[in-house]
Amino acid sequence: MSDYTPKPEHKFTFGLWTVGNIGRDPFGEPVREPLSPVELVQLLAEVGAYGVNFHDNDLVPIDATPPERDKIVANFKKALADTGIVVPMATTNLFSDPTFKDGAFTANDPKVRAYALQKTMNAIDLGAELGASIYVFWGGREGTETDAAKDPITAIKRSREAMNFLCEYVLDQGYDLKFALEAKPNEPRGDIYNSTTGHMLAFIETLDHPEMVGVNPEVAHEHMAGLNFVHGVAQAMESGKLFHIDLNDQAFGRYDQDFRFGMVNLKSAFFLVKLLEDNGYDGDRHFDAHAYRTEDYEGVKDFARGCMRTYLILKEKAERFNADPEIQELLAEINADDGSMEAFKGAYAAEKAAALKAHTFNRAVLGARGMKYERLDQLTVELLLGVR
Ligand code: DIG
Ligand code: MN
Ligand code: MN
């Protein structure tokens with residue numbers, strides 16, 4: 001049994017809005033009293049988190065006066081100094097205020113689009129002031145219920161114009177800040193633009209400064225779209241665009257549940273942790289999740305501890321998978337290469353193509369081969385069940 005105590009080097013982070021979630025849902029009133037940002041930092045320090053993230057208005061209420069803002073920020077900075085908790089990521093709330101009911105950067109009203117830019121610049125300033133190096137954009141209202149209201153191509157152009165403007169703002173201010181775009185297919189809008197991580201990866205390549213922009217995939221959001229989250233993260237990672245990640249869990253075909261990490265689909269969580277750890281992901285392990293509405297704040301701490309413990313247990317399982325002689329022997333057999341195809345590998349060459357076109361393959365032999373994936377997956381399941 002290893003030590004599953006979270007440590008700073010694990011880079012476990014939570015948003016103020018996660019452990020600060022007071023349990024309001026579309027069908028019920030809050031079940032927990034709100035805690036202040038300072039109290040939430042103290043709670044995160046108590047459970048062993050490394051960092052805390054926030055939307056601008058999680059920390060500074062939208063109608064706070066400048067003196068009130070300064071006092072809130074000063075108290076927050078003192079709580080960070082007292083606890084050693086850091087702020088790796090910040091983001092903007094462009095979805096709660098009624099102003100954004102038709103979106104922010106994609107809203108049809110140009111005053112709303114301009115206000116969204118102003119609010120985001122101020123929020124970027126706040127994030128930079130508190131030390132954030134990643135800035136997340138989740139376009140929760142950037143969507144529609146009826147496509148009669150907005151040309152989707154116009155929406156894409158408005159999104160691009162806003163991102164280009166804000167990248168230039170960060171460069172102009174000299175902030176050491178990278179952007180991470182977070183996708184979600186729907187909720188709270190009927191449909192949200194740039195609905196999956198894949199859409200975001202394509203969108204990033206159309207920007208003026210694509211090198212400044214990556215993605216922040218969330219388990220729940222890709223699951224809502226019916227996708228394999230591990231494959232989406234692998235694509236982001238392989239293209240050098242995995243700048244941040246929102247860990248939680250989610251049953252397929254449901255509303256955004258934002259459950260504790262590993263709470264629904266342990267196997268998917270295992271392969272995700274294995275992917276991150278095998279490939280040396282050095283970003284934050286951010287839990288964008290919240291406790292069940294049934295819980296009090298002791299339950300919220302159980303939730304936060306559970307997220308981190310499950311990650312560390314699965315990290316150990318991944319190490320055991322990589323060291324398991326039978327599993328590794330099977331993988332070596334499955335991936336065996338007799339070298340007979342060497343001449344056809346790598347970059348194109350006319351003679352290589354000609355030789356390959358002339359080569360005779362025995363489809364019967366190729367098709368008859370048993371791949372032993374049942375055995376391999378059973379060994380994986382038994383490792384996860386703790387009998388290997
Ligand atoms: C929801 O999944 C979104 C918002 O909570 C926030 O903007 C972002 C940051 O992780 N995730
Ligand atoms: Mn979510
Ligand atoms: Mn998220």
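Select K77 to begin: its relative accessibility of 36% makes this residue partly exposed, a class that runs between buried (under 20% relative accessible area) and exposed (over 50%), computed with a 1.4 Å probe on protein chains only. This is a predicted model, in which local features need pLDDT of at least 70, side-chain atom pairs count only at pLDDT 80 or more, and totals for chains, interfaces and linings use all residues. Residues are numbered from 1 along each chain as its sequence is written, chains are lettered from A and ligands numbered from 1 in the order in which they are written, and side-chain values use heavy atoms, with hydrogens and water left out.

**Stop 1: K77 and E129**

K77 belongs to helix α4 (residues 66–83) and E129 to helix α5 (residues 110–129), so the pair ties together parts that are 52 residues apart in sequence. Helices (H or I, at least four residues) and strands (E, at least two) are DSSP runs numbered from the N terminus. E129 is partly exposed, with a relative accessible area of 37%.

**Stop 2: E46 and R305**

The structure holds 26 salt bridges. For another of these, select E46 and R305, whose closest N and O atoms are 3.7 Å apart. E46 sits in helix α2 (residues 37–47) and R305 in helix α11 (residues 297–323), so this pair ties together parts that are 259 residues apart in sequence. E46 is partly exposed at 48% relative accessibility, and R305 is partly exposed with a relative accessible area of 31%.

**Stop 3: E187 and K184**

Next, display E187 and K184, whose side chains form a salt bridge of 3.2 Å, N to O. Is K184 buried or exposed? K184 is buried, with a relative accessible area of 4%, whereas E187 is partly exposed at 28% relative accessibility.

**Stop 4**

E182 in strand β6 (residues 178–182) and D246 in strand β9 (residues 246–247) are a pair linking distant parts of the chain, 64 residues apart. Both E182 and D246 are buried.

**Stop 5: the manganese ion (ligand 2)**

Move to the manganese ion (ligand 2), which lies 4.5 Å from the manganese ion (ligand 3); E218 coordinates both. The protein donors of ligand 2 are E218 (OE), H221 (NE2), D256 (OD), D256 (OD) and D258 (OD), at 2.1 to 2.7 Å. Their residues are spaced E-x2-H-x34-D-x1-D in sequence. E218 is buried with a relative accessible area of 1%, and H221 is buried with 2%.

**Stop 6: F252**

Select F252, in the loop between β9 and α10. F252 is partly exposed, with a relative accessible area of 41%. Not counting residues up to four places away in sequence, F252 touches H223, G226 and L227, where contact means heavy atoms within 4.5 Å.

**Stop 7: D284**

Proceed to D284, in the loop between α10 (266–278) and β10 (285–287). D284 is buried yet has no salt bridge, and K11, the nearest side chain of opposite charge, is 5.0 Å away. For charge, Lys and Arg count as positive and Asp and Glu as negative; His and the chain ends are not counted. Leaving aside neighbours within four places in sequence, D284 contacts K11, T13, Y50, P88, H244 and I245.

**Stop 8: the two domains**

Finally, colour domain 1 (8–322) and domain 2 (325–384) separately; these bounds come from an automatic or database domain assignment. The domain centres, taken over C-alpha atoms, are separated by 40 Å. Eight residues from domain 1 and eight residues from domain 2 take part in the contact.

Note on methods. A salt bridge is a side-chain nitrogen of Lys or Arg within 4 Å of a carboxyl oxygen of Asp or Glu. Donors are N, O and S atoms within 2.8 Å of the metal (3.2 Å for Na, K and Ca); water is not among the atoms, so sites may look incomplete.
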